[in-house]
Amino acid sequence: MDFSFQDLSGTFSVADIAIAMALSFVLSAMIGWVYRATHRNVSYSQSYVQTLVILGMLISLIMLVVGSNIARAFALVGALSVVRFRNAIKETRDVGFVFLVMGIGMAVGTRFYVLAVVAAVAISLIIMIMHRFNWFQLNVRRQVVKVQVPSDEDYTHAIQDVLVRHTDEFELVSMESIRAGALLELMYTVKIKKGREPADVIAALRERNHGQSVTVLTGYDQTDL
């Protein structure tokens, strides 16, 4: 039996490894700071940003290992296919950052250093510009209004009278019996009139539903009384 030891690391130099790891770290960290600076919602996760940096370096390492060897590429695909991730991505934008660091990691790992730097800087600048000038924003104030009313009477017309006065558009999307049939929950999508606030809608509805719960949802904000 042959117990000889063979190290294949000589296919690339120590300088190649050092440059790939350092450059992938710097570029992935830059992308992480761009993500942090442009994040708008409450779902920010420090561990997610740290994972972006680790992922960029890991992809560079994988590309160094694979090189131009097709057999290694298929072996790594098979090994990675057994990995299962149970944490759901909270925003579609987060998926874009994952693919961005993967692409940069692949470019660095295959020693396309200039391409990696130029691509990372250019895409990061585009992200910052879109964030700064709020590109593609839709200036439509739409909310979800949930109203609970006693189920022993028909309150639909009373609720709709309030919505006619306070909204430009509204639509009933669901009607659900709750609390063992004691209450009826009506859910509407609405477009509140300019100059009106969710608190105005809540106050008007509470006058009609005998003090039961009224909720106005706007994106990640919630007003509930």
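In which helix is the place of Ala204? Ala204 sits in helix α7, residues 198-206. Helices here are DSSP runs of H or I with at least four residues, strands are runs of E with at least two, and both are numbered from the N terminus. The model is predicted, so local features need pLDDT of at least 70, side-chain atom pairs count only at pLDDT 80 or more, and totals for chains, interfaces and linings use all residues. Residues are numbered from 1 along each chain as its sequence is written, and side-chain values use heavy atoms, with hydrogens and water left out.

Ala204 is buried, at a relative accessible area of 9%. Buried means under 20% relative accessible area, exposed means over 50%, and partly exposed lies in between (1.4 Å probe, protein chains only). Ala204 touches Val162 and His166, with residues up to four places away in sequence not counted. Contact here means heavy atoms within 4.5 Å. Val162 is 42 residues from Ala204 along the chain, yet their C-alpha atoms are separated by 6.5 Å.

The UniProt record, an unreviewed entry, lists residues 12-35, 47-75 and 95-128 under "transmembrane region". Its positions follow the numbering used here, feature names are shortened, and annotations may be inferred rather than shown by experiment. In the model, residues 12-35 are 92% helix and 0% strand. The end C-alpha atoms of that stretch are 33 Å apart. Residues 95-128 are 91% helix and 0% strand, with end C-alpha atoms 17 Å apart.

The structure holds one salt bridge. The term requires a side-chain nitrogen of Lys or Arg within 4 Å of a carboxyl oxygen of Asp or Glu. The partners are Arg111 and Asp16, at 3.3 Å from N to O. This pair links distant parts of the chain, 95 residues apart. Arg111 lies in the loop between α4 (92-109) and α5 (113-132), and Asp16 lies in helix α1 (residues 14-38). Arg111 is partly exposed at 38% relative accessible area, whereas Asp16 is buried at 17%.

Nonpolar packing was examined next. A nonpolar core is a set of buried Ala, Val, Leu, Ile, Met, Phe, Trp, Tyr and Cys residues joined through side-chain atoms within 4.5 Å. The largest core has 21 residues, of which Leu27, Tyr48, Phe97, Ile104 and Val108 touch the most other members. Elements giving two or more residues to this core are α1, α2 (46-66), α4 and α5. The largest share, seven residues, comes from α4. Leu27 touches Ile104, Val108, Ala116, Val117 and Ala120, leaving out residues up to four places away in sequence. Another core, of 17 residues, lies apart from the largest one. Its members include Val145, Val149, Leu186 and Val201.

Strand pairing involves β1 (residues 142-150) with two partners. Two strands pair if DSSP finds at least two bridges between them. β1 and β3 (residues 183-192) pair in the antiparallel sense over nine bridges. Within this pairing, Arg142 stands opposite Lys191 in β3. β1 also pairs with β4 (residues 214-218), again antiparallel, over four bridges. There Val147 stands opposite Val214 in β4. Arg179 is found in the loop between β2 (167-178) and β3. Arg179 is exposed, with a relative accessible area of 58%. Leaving aside neighbours within four places in sequence, Arg179 is in contact with Gln148 and Gln212.

Aromatic rings were considered last. Rings of Phe, Tyr and Trp (its six-membered ring) pair if their centres lie within 6.5 Å; planes under 30 degrees apart count as stacked, over 60 as edge-to-face and the rest as tilted. The count comes to five aromatic pairs. Trp135 and Phe136 have ring centres 6.0 Å apart and planes at 85°, so they are edge-to-face. Trp135 is partly exposed at 45% relative accessible area, while Phe136 is exposed at 73%. Phe170 and Tyr188 are also edge-to-face, with centres 6.1 Å apart and planes at 70°. This pair links distant parts of the chain, with Phe170 in strand β2 and Tyr188 in strand β3, 18 residues apart. Phe170 is partly exposed at 30%, whereas Tyr188 is buried at 0%. One aromatic cluster is formed by Tyr35, Tyr44, Tyr48 and Phe97.
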